[in-house]
Amino acid sequence: MKRREFSQAAAAVAALGYLRLDGAQTVSRPGARAAAAVIGTNLSGMEWAMPGLRHSLSSAPNIHFTVPRKADVAYLAACGFSKNRLPVQWELLQPMLAATFASPAVQALVGEPGSFHAGYASFITGILDAHAAAGIRCVIDLHNYARYQDFRYQPDGSVIGLKAAPDALLRPYTTDSAQVQVRIFALGEGASLKPAQFADFWRRAAARWKGHPGLGGYGLMNEPHQLPEPGAVAENRQGRDDLTILPVFMQAAIDAIRAIDTQTPIYVAGNAWSGAASVATKNPGYPLSGSGLIYEVHAYLDRRSAGHAFDWDTESKTGPQGAPISSATGRDRVKVAVDWARAKGVSIALGEIGMPIDDPRWAESFRNAIDLVLQNGFEVYSWMGGNHWPIHNFAMNHVPGWHQNKTLEPLVSGVMKASAGIAQATLFDDGPGHAPAGTPLTLTVYARGHLARPVRLSVALKGGGKLDKTQLTIPAGANGQDSFSFMPAENQLATLSYSLDGQPAGQVPPPRKVFSLADPVAFAATSLGDAAMAIIAKYSACKWDLADGYTDYLLGAPAANGQVVRAVSDSGYGSSPGNAMEMLNWTNKDSPAMGSMSLPVMRVEQGRKSAVFGADTFGFWCKKSVPEAGVQPNPKNRTPYHLEDAHFAIAALSIASKNSQGVVFQASRAEENHASELAVVNGQPVARWVDAKGRKVQLTGPDRLVPNQASVLTLTSAPGQQALRVNSALADSSSATFAPAVFNQMLIGWGFLGYYPQGGFMGRIHAVITGKGVPTAAELGVLEQYLGRLAGASG
C-alpha cells in the first residue's frame, strides 16, 4: 500500500470513531484481507431514471437518479470493503445505439449514434477516481436487464414529438409516449437489440476506462430475464426463454472487450435474473470462451428470492409464493452456484444479496450464505448501497446513517465484516428519557459493526434512582447489544454515563439524562433547558439543533461558520434502537454537473448556530419506511406519527426578507402529496395539512414575520383541532379531522412530495422539535421559550 493511501485510510477510521480494542482488531482498509475476502456493495443510484425516460423529464441528477459521492466510497474503504459494483443505466450513458439511423436534427439533440454522453461518462470516471484514491476498485455494471428503452425512429430519422430539454442537465424527450419502445436481446429476424450493438457499447467502455486504477471489472448485463422464445423477438412471460440468446450476446461483448483490454475481469450474468439456484439449469451455454471471466449470480433470502419481502414470519410460513424459508435458505441457494463453479472450473461472484434489517433471523440467514461464498474464495456484494433518496432506510440497504454525532454503520455491514474477519465497531445507546417514579425504563447499548471479542462497559448514575446493573457486556460478533433497567426516583433529573477502560470518551455513547419531574413546567424556573428536555422526553419527541450540525454524515466534523452542513443528530428522545431520527443531506455536489441546487450552510452569530437556506436549497431529510402488510408490516425505521395522529412541530427561525417563503418543516410521504408542514408564504407564517383524500387545511398568521429577527412557529394537530402559534401566541385554528395518511419522511428547510422537491426555505433555521401527541399550552410555552433562547429571540 502506498504511504498516502495508508494515511488517508487511517485518518478515515479515526474520524469514524471506531472502537479499538487492540491493534490487531481494527483494520484501516482491506489490506491483506482483500485477497481472501473480497466484499463490497452495490452503489445504487445512477440507474434509477426509469420508467419515464424518453417520454418525460425524469432525468434530473439528485432527483431522478443520484451519483454516489466521493465520501461514500471513502467511507466504504475505511470500513474494509475492497471492491464495489456500480449500476449504470445504458440509455443515460449511450443515448443512441450504434447504427441507428437518425436525422441531423435528432442527433443534435440526442447525440451521435453510439457515442457516450459526456456528462454521464464523467460521473463514472469520477467514481472510479474516488475508488482509486481510496485504494479500492469498482465494477461498472450495466444495469439494464437485457433491454434498452429507446425512441421510435421514423424512416426519415426523425422522432415524433421530440423536444429539447429546458435544462442542459436533462435529456430530450417526446411528447408522444407511443414513440418510446423497449428493445430486448433477441436473435430472431427483426430483432431490435442485436449482439453488435451490445458489443459496441462494451468496446467503447473498455476503450474509455481500460487501465484506470479504480476499475475492478466490466459487469456485462444485470439480471437478464424473460427473453424471447426461440425465433421470436419480443419478451415472453411464459418461461420459454431461448437460452441460447444470452451466450451469443455475452460472447460478443467479451470478444469486444478483450480486443482492447486483456486484463480487467469481466462479470458474466446468467439467464433467469442471474439466479444462483438456477445457474446450472438455465445456462447450458456456459462457460464461455475468454480469460478473466467471473460468472455473476444473485440470491435473496425471501421465498421468491426476489428481495421484495421483508417479514420473516410471513416468509417462513407455507404460502403461494414458494417454499417457506429458513436460516439455510440463502446458503442452499448459493451452494448450487458454488458447486456449479467448482464443477466447471470457473469463478463466481455473488453480485447481489440483501439482508432485511428488521429481524435478526435475516442476519443469520444472510451470514450463512455469504460465509459459504467467502470460504470458497468468491466475491460478495450487498444490495443496496449508494445515496439515492429512496434507498435511505429502505427495508434492505447498505446506507450509513447518523446518530449521536457519529456515523451509524448499516446493520448489513457488521455482518459482512464478521464474515470477512474485519473487526471495527462503534457504540451507541437508545431508550426512553421519561417515566414516573417507580416505573422502570429499559435502555440499550449497541454496537454497529463487528467486535472480535466482547466489550465491557460501566454505567454510572448521578441523581436519584436505581440501576439493575452497572456492568454491560456487548458480545463478540456483529451488531451486538446489551440492555439495562433504570428505576427513577421521585421528581428527579438523573444522568447516566458510560465508561470503557482505555478508550477515548468519543467511543462510548454520550451521557444520557432521564427525567421523572412531577411538573416540568414549574421546573423551568430552575432550568429552562432541563425543563424543555423533560417535556421532549415525555413525548418521545425529536430535537434537531443546528449547534449539532456536522459537515457530513460520513467522515465529517462539526460545521464551522460558512461550511456546508450535511448532518444533524436527534438530540431529543425520538430515536430508538434501529430507528435513529437522523437529519441528513446526501445531495451530490462533487461537480457542477450535478445540478444547481445549493446545500445548507452554517451561520454562527454571537455564538449561536443556524443553517442558511435559499429557494434552491435542498435541506435536511429523515427518510423512513412505511408498513406494508405481508411485506413489511411493522418496520422499525418509521416516523414518529402519521397525519391522522395527534402531533406537533416547533421551529426557531428567521426569514431573509419580507417576501420570504418556503417549507420550514415537513412530515409527509415522498411518493404522495399528503403532508403536515410549517411554512412561510410571502413572509407570513403558515401551518398546513393535506390528507390522503386531498382535503386541505391552511392556517395563516395575521402578520408578516420581521426579517432577520428570530421567531418561533408552532403547529399542533389532533382530530378535530389544529392550531398555529407564532411566538407563543395563538395565530389561527381549525377543527378538521383528517383521513389516514402514512408518513415516511420528515424534512427541514424544504419539502419533497410526489417524487419531487419543493422550494427551499428562504432564511435561517436554528432548531426544530417534533413529536406525537399535543403538549399542553404551558408545555408548548416552555418549548417555545427554549427554542427562542437558542435562536436569540428577545423576551
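# Helix packing, a pocket and backbone exceptions

User: Which residues in H8 do Pro-195, Phe-198, Ala-199, Trp-202, Arg-203 and Ala-206 in H7 meet?

Analyst: This is a predicted model, with pLDDT of at least 70 needed for local features and 80 or more for side-chain atom pairs, while totals for chains, interfaces and linings use all residues. Residues are numbered from 1 along each chain as its sequence is written, and side-chain values use heavy atoms, without hydrogens or water. Contact means heavy atoms within 4.5 Å, and helices (H or I, at least four residues) and strands (E, at least two) are DSSP runs numbered from the N terminus. The partners in H8 are Val-248, Phe-249, Met-250, Ala-252, Ala-253, Ala-256 and Ile-257.

User: How many residues in the contact of H7 with H8 are nonpolar?

Analyst: Ala, Val, Leu, Ile, Met, Phe, Trp, Tyr, Cys and Pro count as nonpolar, Asp, Glu, Lys and Arg as charged, and the others, Gly among them, as polar. The contact has no polar residues and 1 charged residue. The nonpolar count is 12.

User: Why are H7 and H8 classed as they are, and what is the class?

Analyst: Axes are lines fitted to C-alpha atoms, for helices over the stretch in contact, with angles from 0 to 180 degrees between N-to-C directions. Those of H7 (residues 195-209) and H8 (residues 245-258) come within 8 Å and cross at roughly 30 degrees. Under 35 degrees counts as roughly parallel, over 145 as roughly antiparallel, 65 to 115 as roughly perpendicular and the rest as oblique. H7 and H8 are therefore roughly parallel.

User: At what angle do the axes of H13 and H14 cross?

Analyst: Residues of H13 that meet H14 include Phe-366, Arg-367 and Ile-370. By class, this contact has 9 nonpolar, 1 polar and 2 charged residues. The two axes come within 10 Å, and the crossing angle is roughly 35 degrees.

User: Which element gives the largest share of the lining of the second largest pocket?

Analyst: A pocket is an open set of 1 Å grid points, over the protein atoms alone, where a 1.4 Å probe fits, with protein on both sides within 12 Å along at least five of seven lines; lining residues have an atom within 4 Å of a point. This pocket has 32 lining residues, with Ile-357, Leu-411, Arg-448, Asn-479 and Gly-578 nearest its centre. H13 (360-375), H14 (411-420) and E16 (441-451) each supply at least two. The largest share, 3 residues, comes from E16.

User: Where does Pro-51 lie?

Analyst: Most peptide bonds are trans. The bond joining Met-50 and Pro-51 is cis, with omega about 5 degrees. Pro-51 sits in the loop between strand E1 (39-41) and helix H3 (70-78).

User: What is phi of Trp-273?

Analyst: Trp-273 is in helix H9 (residues 271-274). Its phi is positive, in a residue other than glycine, and near 65 degrees.
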